[in-house]
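Here are a few exercises to work through with the model open in your viewer. Try each task before you read its solution.

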Amino acid sequence: MQRRRLLGYSQQDIAEKVGIDRSYYTKIENGLTPSVKVAKSLGYHLGFDWTIFFDDICAKNTQTNAAKEAI
């Protein structure tokens, strides 16, 4: 959200650039993990590494898998 505002875009502006509904974009800003396709497009249009959306997911999966292996 800060990046979007810094660049002077509204939620509607970014949603249109990415090709999604504004309501879906709002959900992403509020924590919903987007699809890989949408994440890549957001990263492109807003100028950041799209994988940031998946860093927490990867960390949680790694912890879960390590816990399962320990049992």
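## Getting oriented

The protein's secondary structure amounts to 5 helices and 0 strands, where helices (H or I, at least four residues) and strands (E, at least two) are DSSP runs numbered from the N terminus. The model is predicted, with local features needing pLDDT of at least 70 and side-chain atom pairs counting only at pLDDT 80 or more, while totals for chains, interfaces and linings use all residues. Residues are numbered from 1 along each chain as its sequence is written, and side-chain values use heavy atoms, leaving out hydrogens and water.

## Exercise 1: the buried side of helix 2

Find the buried residues of helix 2 (residues 11-18) and say where they sit around the axis.

**Solution.** 

1. Apply the cut-offs: buried means under 20% relative accessible area, exposed over 50%, and partly exposed in between (1.4 Å probe, protein chains only). Ile 14, Ala 15 and Val 18 are the buried residues of helix 2.
2. Take the directions from the helix axis to the C-beta atoms, which define the arc. The three residues span an arc of only 100°, so they lie on the same side of helix 2.
3. Look for their partners, with contact meaning heavy atoms within 4.5 Å. The buried residues of helix 2 pack against helix 1 (2-6), helix 3 (22-29) and helix 4 (36-46).
4. Step just past the end of helix 2: Gly 19 has a positive phi of about 85° there.

## Exercise 2: helix 2 against helix 3

How do the axes of helix 2 and helix 3 cross, and which residues meet?

**Solution.** 

1. Two packed helices are described by the angle between their axes and the distance between the axes.
2. The axes of helix 2 and helix 3 come within 9 Å and cross at roughly 110°.
3. Classify the angle: under 35 degrees is roughly parallel, over 145 roughly antiparallel, 65 to 115 roughly perpendicular, and the rest oblique. Helix 2 and helix 3 are therefore roughly perpendicular to each other.
4. List the residues: helix 2 brings Gln 11, Gln 12, Ile 14 and Ala 15, and helix 3 brings Arg 22, Tyr 25, Thr 26 and Glu 29.

## Exercise 3: an arginine in helix 1

Is Arg 4 buried or exposed?

**Solution.** 

1. Locate Arg 4 in helix 1.
2. Arg 4 counts as buried because its relative accessibility is 7%.
3. Beyond its neighbours within four places in sequence, Arg 4 has contacts that include Tyr 9, Ile 14, Tyr 25, Glu 29 and Leu 46.

How values were computed:
Axes are lines fitted to C-alpha atoms, for helices over the stretch in contact, and angles run from 0 to 180 degrees between N-to-C directions.
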